[in-house]
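Here is a friendly note to read alongside the model.

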There are 2 protein chains.
Amino acid sequence: MPERKPRKDAARNRETIFAAADALFAGCEDPNDVTMADIAAAAGVGKGTLFRAFGDRAGLLRTLYASRLEPIEQAVEAGPPPLGPATPPQQRVLAVLDATLCFKLDNRRLTLALEDSGSTSPYQAEHYQRWHRLLRTMLEQIPGSTGGDFTAHVLLAAVRADLVEYLAGQEGLPRERIRAQLADFTTGVLNSGSSG
Amino acid sequence: MPERKPRKDAARNRETIFAAADALFAGCEDPNDVTMADIAAAAGVGKGTLFRAFGDRAGLLRTLYASRLEPIEQAVEAGPPPLGPATPPQQRVLAVLDATLCFKLDNRRLTLALEDSGSTSPYQAEHYQRWHRLLRTMLEQIPGSTGGDFTAHVLLAAVRADLVEYLAGQEGLPRERIRAQLADFTTGVLNSGSSG
DNA sequence: TGCAAAGCGGACCTACGGTCCGTATTGTTA
DNA sequence: TAACAATACGGACCGTAGGTCCGCTTTGCA
């Protein structure tokens, strides 16, 4: 695949749309209130341009999300401890989950929009698969652990966008409290493996 | 409020709609494919009737869901062990979660439709609040346990409709395997409390 | 400078949830 | 059982939002 590069104006518009969408999601109450037409208008482009650049709503959200998440994925893949690969599994599981939680706290609206979007369940998304595989692998490296696959799913469920949104938004729990609770819970899960 | 009883035809239609919706959801692939117009048509009534009877889509789904769930709620509230109130907490937590899981396995499409429906997060729903409160209370009765509130959320997240759908549907895991994994995981969580 | 190719934009289409209101059914009173 | 309110019916209708189409413009290459 030669994948020839896009024209200059196309690239520019892509960036503009990207920025506009980002801003709209950041400054909204309910992500569903931000329509594709809104985004196009805010970016100063036509709807056609928007849809050509990102395919559909889910595509746009995925792209936004991926770009935000990239630093964290880098850090996990090849960064220094505690996120990087050199970290002992237990500690790394905690770090990865904490990073995920923090990310979702920092990008609540966007993440919420993404997990809402479309009727496709979040579990089909390739980025979910990646995180799950990573988590499962780490869990299986912990001696005496069992059920890594299911445990990985549940740990990821513990940081799902709408739960995080509920705890931080409706319940008004402070960030540090949620982080602490997640850490406590995860620690418990990790320790229980070796005693069962 | 005296809440006068509805007319005979209204009551009859309510039942008909109810049954039609039930059947459509049971026999569909994606719950979003079942539109309100479909349900009205299948029930042989006009859309007006449908909306008058249930308010909106979420209302219909809630009603369906509640009616299906009623036996379990009865059993939890006032039934014999292991679901009923006389059961020791640890055991009851396991039983309640297992019952919830089985219910969702048996009513996958409907539950999925409900948790999808609307932009309102599942966490606002009063039935979620009820289960959460129940679970939290039980968890707090277990000596040495901490973080019952968050733990209750996570345990409920472990049986969320779309996860269950994914495990049973896409992954094709057999029912008993999922149940076993949930039981293992939950047991681990319950035991970890007393060692931390 | 000329000319494809790539891209633009917004009118347009479709589908779905939800409303409205003229008509039909119910049930009550005599 | 005739008459009349109250209640409910049903499907035409509406608004909205995602997504498409196509005539026009911009870009980039020779």
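1. Let us start with helix 9 (residues 161-170) of chain B: 8 of its 10 residues are buried, so this helix is largely enclosed by the rest of the structure. Buried here means under 20% relative accessible area, exposed means over 50%, and partly exposed lies in between (1.4 Å probe, protein chains only). Helices (H or I, at least four residues) and strands (E, at least two) are DSSP runs, numbered from the N terminus. The buried residues of helix 9 of chain B are Ala161(B), Asp162(B), Leu163(B), Val164(B), Glu165(B), Tyr166(B), Leu167(B) and Ala168(B). Just after this helix of chain B, Gly172(B) has a positive phi of about 65 degrees.

2. A word on the ground rules. This is a predicted model, in which local features need pLDDT of at least 70 and side-chain atom pairs count only at pLDDT 80 or more, while totals for chains, interfaces and linings use all residues. Residues are numbered from 1 along each chain as its sequence is written, chains are lettered from A and ligands numbered from 1 in the order in which they are written, and side-chain values use heavy atoms, with hydrogens and water left out.

3. Now step back to a whole chain. Chain A has 10 helices and 0 strands. Its C-alpha atoms fill a box of roughly 60 × 45 × 30 Å, taken along the principal axes. Of the 196 residues in chain A, 47% are buried. Contact means heavy atoms within 4.5 Å. Among contacts in chain A between residues at least 6 apart in sequence, 64% join residues at least 24 apart.

4. How do the two copies relate? Chain B can be laid on chain A with an RMSD of 0.1 Å by a turn of 180 degrees and a shift of 0.0 Å along the axis. The two copies are thus related as by a two-fold rotation axis. The same surface serves both copies, since 100% of the contact residues of chain B recur in chain A. The superposition is by least squares on the C-alpha atoms of residues with pLDDT of at least 70 in both copies.

5. Next, the interface itself. In it, 26 residues of chain B are in contact with 26 residues of chain A. The two chains bury about 2600 Å² between them, 66% of it on carbon and sulfur atoms. In chain B, Phe150(B), Tyr166(B) and Phe185(B) lose the most area to chain A, together 25% of what that side buries. Buried area is the accessible area (1.4 Å probe) that two parts lose on being put together, summed over both.

6. How many salt bridges are there between chain B and chain A? The count is 2. A salt bridge is a side-chain nitrogen of Lys or Arg within 4 Å of a carboxyl oxygen of Asp or Glu. Asp162(B) forms one with Arg160(A), the closest N and O atoms being 2.7 Å apart.

7. Over all chains, the whole structure holds 9 aromatic pairs. The ring centres of Phe150(A) and Phe185(B) are 6.2 Å apart and their planes at 75 degrees, so this pair is edge-to-face. Phe150(A) lies in helix 8 (residues 148-157) of chain A and Phe185(B) in helix 10 (residues 175-195) of chain B, so the pair joins two chains. Phe150(A) counts as buried at 3% relative accessibility, and Phe185(B) is buried at 6%. Rings of Phe, Tyr and Trp (its six-membered ring) pair if their centres lie within 6.5 Å; planes under 30 degrees apart count as stacked, over 60 as edge-to-face and the rest as tilted.
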